[in-house]
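Me: I've got a model open and I'd like to learn how to read its ligand site and its helix packing. Can you walk me through it?

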Amino acid sequence: MTDDTVLRVRGLRKRYRQVTAVDGVDLTVAAGERVALVGPNGAGKTTTLMSCLGAVQPEEGTVELLGQRGRRARRAVLARVGFASGYLPLPPHLRVREFLTLYARLYGAPNPQEQARAGLRQFDVEGLADRWGSDLSSGQRTVVGVVKATMHAPALLVLDEPTASLDPDVALRVRGGLLDLCRRRGTALLVTSHNMVEVERLAQRVIFLAGGRVLVDGPVETITAQLGQTSLEDVYL
Ligand code: ATP
């Protein structure tokens, strides 16, 4: 692995009984690079992410995460990865700021309460701080999941459809917060999304998956130019 590569996947293959979910995927994410993984429902995006994190065991292929290959070695670097997928189940009897403070403490933050506040501020959602876990909508839980994933300044953020259930205003805040954070801290991002406007705003490079295979991999402008389209939305459709 070169020094500036945080994730390198080669020849990834995963089957679920008769379904081939991922069929020979190669992908690379450089340090500080923002990459979107897109494609139709069932294309193999989530399975690819899960294989990268070791939550799914592929039949074939190698995954190198932050310089570590093999499932056991990768476990040691997972603390430097942030991950969020769908809405987060929260303990009902904790307020959001207490929940995030608990995580900041687990991550070893020197000032956990401030870390929790800063996490909410980053996404312009301080209004959630005093809400009880039991009282949050699924969209609000999703946002808390994104905050939690970013609080420990990971080197790589892996986000599976982070804005899928959010209203346009909150989605904008989450996107803005992510972009600012990645640029400021040099955090790499691997994100899945069906929202092509979001992909164009967030990502520098796009990987199109279909039927478990990479169809196109390149900078947004190159893909649209190559395929004679004006926007990613046109390419996608
Ligand atoms: P979406 O955009 O709908 O989230 P995706 O691109 O993330 O889709 P995956 O969730 O990776 O796609 O699924 C890829 C294929 O693998 C699909 O055909 C799906 O039905 C199948 N699959 C995924 N997980 C399982 C599982 N646990 N058991 C059986 N089949 C699965």
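Me: How far is an oxygen atom of the ligand from a polar backbone atom of G44?

Reply: First, the ground rules. This is a predicted model, where local features need pLDDT of at least 70, side-chain atom pairs count only at pLDDT 80 or more, and totals for chains, interfaces and linings use all residues. Residues are numbered from 1 along each chain as its sequence is written, and side-chain values use heavy atoms, with hydrogens and water left out. For G44, the distance is 2.9 Å. A43 also has a backbone N or O atom 3.1 Å from a ligand oxygen, while T46 uses a side-chain N or O atom, 2.8 Å from an oxygen of the ligand.

Me: How much of the ligand's accessible area does the protein cover?

Reply: Accessible area comes from the Shrake-Rupley method with a 1.4 Å probe. Here the protein covers 63% of the 640 Å² that the ligand has on its own.

Me: How many residues surround the ligand?

Reply: A residue counts if one of its heavy atoms lies within 4 Å of the molecule. That gives 14 residues, with G42, K45, T46, T47 and H194 the closest. Helix α1 gives the most, three residues; helices here are DSSP runs (H or I, at least four residues), numbered from the N terminus.

Me: At what angle do α5 and α6 pack?

Reply: Axes are lines fitted to C-alpha atoms over the stretch in contact, and angles run from 0 to 180 degrees between N-to-C directions. Helix α5 (residues 138–150) and helix α6 (residues 168–185) pack at about 5 degrees, axes 11 Å apart. So α5 is roughly parallel to α6, a label for angles under 35 degrees.

How values were computed. Helix = DSSP H or I, 4+ residues; strand = E, 2+ residues; numbered from the N terminus. Parallel < 35°, antiparallel > 145°, perpendicular 65-115°, else oblique. Polar contact = N/O pair within 3.5 Å; in protein donor to acceptor, adjacent residues only side chain to side chain.
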